[in-house]
Amino acid sequence: MAMKRAASTTIQALASSGISSSTRRLHASPGSKKIVGVFYKGNEYASMNPNFVGCAEGALGIRDWLESKGHQYIVTDDKDGPDCELEKHIHDMHVLIPTPFHPAYLTAERIKRAKNLQLVVTAGIGSDHVDLKAAAAAGLTVAEVTGSNTVSVAEDQLMRILILTRNFLPGYRQVVNGEWNVAAIAYRAYDLEGKTVGTVGCGRIGRLLLQRLKPFNCNLLYHDRIKMDPELENQTGAKFEEDLDAMLPKCDVVVTNLPLTEKTKEMFDKERIAKLKKGVLIVNNSRGALMDTQAVVDACSSGHIGGYSGDVWYPQPAPKDHPWRYMPNQAMTPHISGTTIDAQLRYAAGVKDMLDRYFKGEEFPPQNYIVKEGMYTSFRKLNLGSRFAVWLGMAETKSAMRKPVFTKVDQLRPGTTGHNLTVKVVSANMVVQKGRPDGPQVRQMRIAECLIGDETGTILFTARNDQVDLMKPDSTVILRNAKIDMFKGSMRLAVDKWGRVEVTEPASFTVNEENNLSLVEYELVNVVEE
Ligand SMILES: NC(=O)c1ccc[n+]([C@@H]2O[C@H](COP(=O)([O-])OP(=O)(O)OC[C@H]3O[C@@H](n4cnc5c(N)ncnc54)[C@H](O)[C@@H]3O)[C@@H](O)[C@H]2O)c1
């Protein structure tokens, strides 16, 4: 199996901790599976809305479906401590469905005991509650329902920006307390128009927030590892800031929109907060641990941070004595933004779809993988329109295959070689046709860009010279020993002199043109070896 360098490094690092490095196959072996869901308790609200599927009682609405297939489905909200309900199932569960809103912390120690565990599907976005290194070392697959609550969070952020800018909460409190004091609110209530709003991280949620903010006529800035394509930049009117510390002092409002990773943990520490404009407003719906907890408290107390709002804490549920509950200028809520009823229905459907694929032995949508069968790599599609992905590390395919093994188009991954496929040619366009002087002879050079595919998806194939004649639209061809080339961050398939293209009998499948792998862009990210 293709194993990425990062994964093998991780495995070595963890071998001494006793975590097995053997890959646990993603796809379910036949037979009944034990599936454990950990969701927040609905209590008296559970029956108030039939679409309230995100609570433990709602169980994502998949209980009947799972049980009709003979699987065991345990759902609980009791997730912490040695005597909790979750602990009783760690040793024999096959699938864990946690949710960021009530995170079941899947530590290295729990993973070590979870001998049957194959799959973790996060109901929502953000799998930082899982020790991803340990999950990779144990050969697990961790996936989430990418995009399921993008809109929900972007809308919530917009609300928080307005709540802070207009100094809304003190006014609301006055009303509840029977008071009336316009001055106490008005002395620091502003319009959003004309203010500078910067998002730190600009993937799905960040981009949508920028689009939502555009009509407010703010100055929009964004910092990310990846610059948006110009079309999207134009659409949002946001300016790219490569240097985070250069962007921050310009912002009246800072919004975070990036995952919690080793790199981003406590990225807002005392020093960075000191660089922010005095009175800055911060909205953090990403993860609590992006902030140094005490540094936020101190800056809110001194007024350096003029307002802090968000729904994410560490740990969750936040303990009663969490200092963010008591700091001034805060507009915090429990973790709610990504669990609207609409979002619940989307992530419930996404979880069901992935379980169904797991039972059938089918691939998940590539953007959903965080760790795939032990590869600590995630295909993170960052799109709103244009499609990106982050590709961590190099895939190393050590091919010990002698017998040709045929694969399907949707199994193709960056950096891999040695593929045999039977595909139909959907279209072929000549992109280069010229005579090339080559010594005394003049050689023809022809290159055609061909869209090829099977029932699982399509990909662009670069046909060279004699291959061009074989790639006729509607014909079926066998590609032997094909390899993936990366072209501007996207996958292309090619067959070089070590492989072969053969025309064959017409195949009976219908090409799935919906899943074009060449439309996904990848970024090669350096993996820091530890
Ligand atoms: N509060 C909620 O209910 C809720 C719901 C969904 C997501 N989230 C959080 O929001 C985060 C973002 O979600 P998304 O769907 O937009 O994810 P995304 O993967 O689409 O975008 C994340 C962006 O962060 C950027 N990034 C990552 N590391 C970076 C770094 N070190 N420096 C600069 N940029 C960096 C990536 O390049 C990417 O553009 C999630 O990881 C999750 O933690 C919270």
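This is a predicted model: local features need pLDDT of at least 70, side-chain atom pairs count only at pLDDT 80 or more; totals for chains, interfaces and linings use all residues.
**Entry 1: overall counts**

I began with the secondary structure and found 15 helices and 24 strands in the protein. I then looked up burial: of the 530 residues, 45% are buried. For contacts between residues at least 6 apart in sequence, I noted that 66% join residues at least 24 apart.

**Entry 2: the ligand shell**

I looked up the residues around the ligand and found 30, of which Gly126, Gly203, Ile205, Pro259 and Gly338 come nearest. By class, I noted ten nonpolar, 13 polar and seven charged residues in this shell. Helix 6 (150–165) and helix 9 (204–213) each supply at least two of the shell residues. Which helix gives the most to the shell? I found helix 9, with three residues.

**Entry 3: the nonpolar cores**

I turned to the largest nonpolar core, which has 53 residues. Leu96, Val120, Val121, Ala135, Val142 and Val351 touch the most other members of this core. Among the elements that give two or more residues to the core, I listed strand 2 (34–38), strand 4 (95–97), strand 5 (119–122), helix 5 (132–137) and strand 6 (141–144). Helix 14 (341–360) and strand 14 (369–371) are also on that list. Helix 14 gives the most, with seven residues.

Leaving aside its neighbours within four places in sequence, Val351 is in contact with Leu60, Ile97, Val121, Ala123 and Val145. I also found a second, separate core of 41 residues, including Val200, Leu208, Leu210 and Ile282.

I traced an open sheet of seven strands with parallel pairing, in the order 9-8-7-10-11-12-13.

I went through pairs of strands next. Strand 7 and strand 10 run parallel and are joined by four bridges; Thr199 has Val255 of strand 10 as its bridge partner. Strand 10 and strand 11 also run parallel, with four bridges between them, and Val253 stands opposite Leu281 in strand 11. Strand 11 (residues 280–284) pairs with strand 12 (residues 305–310) in the parallel sense over five bridges. Here Leu281 stands opposite Gly307 in strand 12.

I looked for helices on the sheet. Helix 6 packs on the sheet and touches strand 7 (196–200), strand 10 (253–256), strand 11, strand 12 and strand 13. The direction of helix 6 makes about 155° with that of strand 11. Helix 13 (residues 293–302) also packs on the sheet, touching strand 12 and strand 13, and its direction makes about 135° with that of strand 12.

For strand 10 I checked both faces and found them covered. Val253 and Val255 on one side and Val254 and Thr256 on the other are all buried.

**Entry 4: helix 13 up close**

I listed the buried residues of helix 13 as Val296, Val297, Ala299 and Cys300. These buried residues pack against helix 12 (270–275), strand 12 and strand 13. Just after helix 13, I found Gly303 with a positive phi of about 90°.

**Entry 5: backbone details in loops**

I found a cis peptide bond from Tyr314 to Pro315, with omega near -10°. The bond from Gln316 to Pro317 is cis as well, with omega near -5°. Pro315 is in the loop between strand 12 and strand 13, and Pro317 lies in the loop between strand 12 and strand 13 too.

Asn167 has phi near 55° and sits in the loop between helix 6 and helix 7 (168–176). Is Asn167 buried or exposed? Asn167 counts as buried because it has 20 C-beta neighbours inside 10 Å. Asn217 also has a positive phi, near 55°, and lies in the loop between helix 9 and strand 8 (219–223). With 13 other C-beta atoms within 10 Å, Asn217 is partly exposed.

**Entry 6: Pro404**

I ended with Pro404, in the loop between strand 17 (395–396) and strand 18 (419–438). Pro404 has 12 C-beta neighbours inside 10 Å, so it counts as exposed. Leaving aside its neighbours within four places in sequence, Pro404 is in contact with Asn420 and Arg480.

Definitions and conventions:
Residues are numbered from 1 along each chain as its sequence is written. A residue is near a molecule or strand if its C-beta atom, placed from the backbone, lies within 6 Å of it. Ala, Val, Leu, Ile, Met, Phe, Trp, Tyr, Cys and Pro count as nonpolar, Asp, Glu, Lys and Arg as charged, and the others, Gly among them, as polar. A nonpolar core is a set of buried Ala, Val, Leu, Ile, Met, Phe, Trp, Tyr and Cys residues joined through C-beta atoms within 7 Å. Two residues are in contact if their C-beta atoms, placed from the backbone, lie within 7 Å. Two strands pair if DSSP finds at least two bridges between them. Axes are lines fitted to C-alpha atoms, for helices over the stretch in contact, and angles run from 0 to 180 degrees between N-to-C directions.
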